[in-house]
Amino acid sequence: MAWRRFHLPRQFRKDIMASSDILRLRINDLCKSFATVDEPLVVLNRLSLELSGGDSLAIVGPSGSGKSTLLQIIGTLDRPDSGTLIIDDTDPFSLNDKQLAKFRNSNIGFIFQDHHLLPQLNVLQNVLLPTIAFGKGTDDQVQRAHELIESVGMTDRINHLPSELSGGQKERVAIARSLVMSPSVILADEPTGNLDANTAGEMTTLLLDLQKQFGAILIAVTHSETLAASMSQQRELVGGALTGSSTGSSTGSSTTDQ
Ligand SMILES: Nc1ncnc2c1ncn2[C@@H]1O[C@H](COP(=O)(O)OP(=O)(O)OP(=O)(O)O)[C@@H](O)[C@H]1O
């Protein structure tokens, strides 16, 4: 299915350009352990990382190394035992639960391997979901949802339910939904894991193209070497920290692991 290059409406472009000047994600000395019947299982051990708007980072590593745990913490869905996470000058873990939920909704877009589309909602309603989480979506947001759906090539399926879509089409909807709030950070957990090689390649191109236009930070956990190679940086999570150096970053951001 063809998709059209998405051009942001003027008012969104202005907002994003203004905010991308200061967009930063900083993680310092993050630690996370889980209790077990024996001693605590240390999953993240003084992990540090710094990214800027426009960066895309692939996190790879063996099964059980803590990739999803790290993504959950960056997504503010779980809390670290110690260490700091700063997104756009905000420490989300200093917020109360209601403020944190609003912060997450406004600043972080999620893409999951199994898409997490609500089965009873059509394509447009699924894309609009983040806009109605804390009230009624604005006209601008509805317009934006239509633009995004067009950009991912799903306008002719706008009234279809997820059960009527292929895996690749569901992925397109999930990408559109992740961007509808103009997030600072897009988090993707195995975004191409359930797709065939051709569709995975198309989705990777689409996601990276939109992420760059938005000036957002993209962090993807993946076992796919192809997806990892497409990102501006690749880091491996081993022994609770990110190893390896940044490669090919065009934005000059740095990583600062211990
Ligand atoms: N809520 C939890 N309670 C206890 N242990 C947990 C919990 N969540 C994760 N773990 C453990 O933490 C470790 C890291 O898990 P995580 O899911 O982050 O790894 P991963 O690198 O994403 O693995 P995979 O590539 O297989 O998805 C694993 O040993 C896992 O069993």
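Ser33 stands opposite Val42 of strand β2. This pair belongs to a predicted model, in which β1 (residues 24-34) and β2 run antiparallel and are joined by eight bridges.

**Sheet**
- The open sheet has three strands, ordered β2-β1-β4, with antiparallel pairing.
- Strands β2 (41-52) and β4 (82-87) are at the edges with a single partner strand each, so one side of each has no neighbour in the sheet.
- On average, and with direction ignored, neighbouring strands of this sheet are turned by 15 degrees against each other.
- In general, strands of a sheet pair through backbone hydrogen bonds, in either a parallel or an antiparallel manner.

**Helix across the sheet**
- Helix α2, made of residues 67-74, lies across β1, β2 and β4.
- The helix α2 runs at about 55 degrees to β2.

**Helices α6 and α7**
- Helix α6 spans residues 167-179 and helix α7 spans residues 197-214; their axes come within 11 Å and cross at roughly 10 degrees.
- Angles under 35 degrees count as roughly parallel, and α6 and α7 are therefore roughly parallel to each other.
- On the α6 side, the contact is made by Gly168, Glu171, Ile175 and Leu179.
- On the α7 side, the contact is made by Thr199, Met203, Leu206, Leu207, Leu210 and Phe214.
- The residues of this contact between α6 and α7 divide into seven nonpolar, two polar and one charged.

**Loop residue Leu95**
- Leu95 is placed in the loop between β4 and α3 (97-107).
- Leu95 has 15 C-beta neighbours inside 10 Å and therefore counts as partly exposed; the buried class begins at 20 or more, and the exposed class covers 12 or fewer.
- Leaving aside residues up to four places away in sequence, Leu95 touches Leu100 and Phe103.

Terms used
Residues are numbered from 1 along each chain as its sequence is written. This is a predicted model: local features need pLDDT of at least 70, side-chain atom pairs count only at pLDDT 80 or more; totals for chains, interfaces and linings use all residues. Two strands pair if DSSP finds at least two bridges between them. Helices (H or I, at least four residues) and strands (E, at least two) are DSSP runs, numbered from the N terminus. Axes are lines fitted to C-alpha atoms, for helices over the stretch in contact, and angles run from 0 to 180 degrees between N-to-C directions. Two residues are in contact if their C-beta atoms, placed from the backbone, lie within 7 Å. Angles under 35 degrees count as roughly parallel, over 145 as roughly antiparallel, 65 to 115 as roughly perpendicular and the rest as oblique. Ala, Val, Leu, Ile, Met, Phe, Trp, Tyr, Cys and Pro count as nonpolar, Asp, Glu, Lys and Arg as charged, and the others, Gly among them, as polar.
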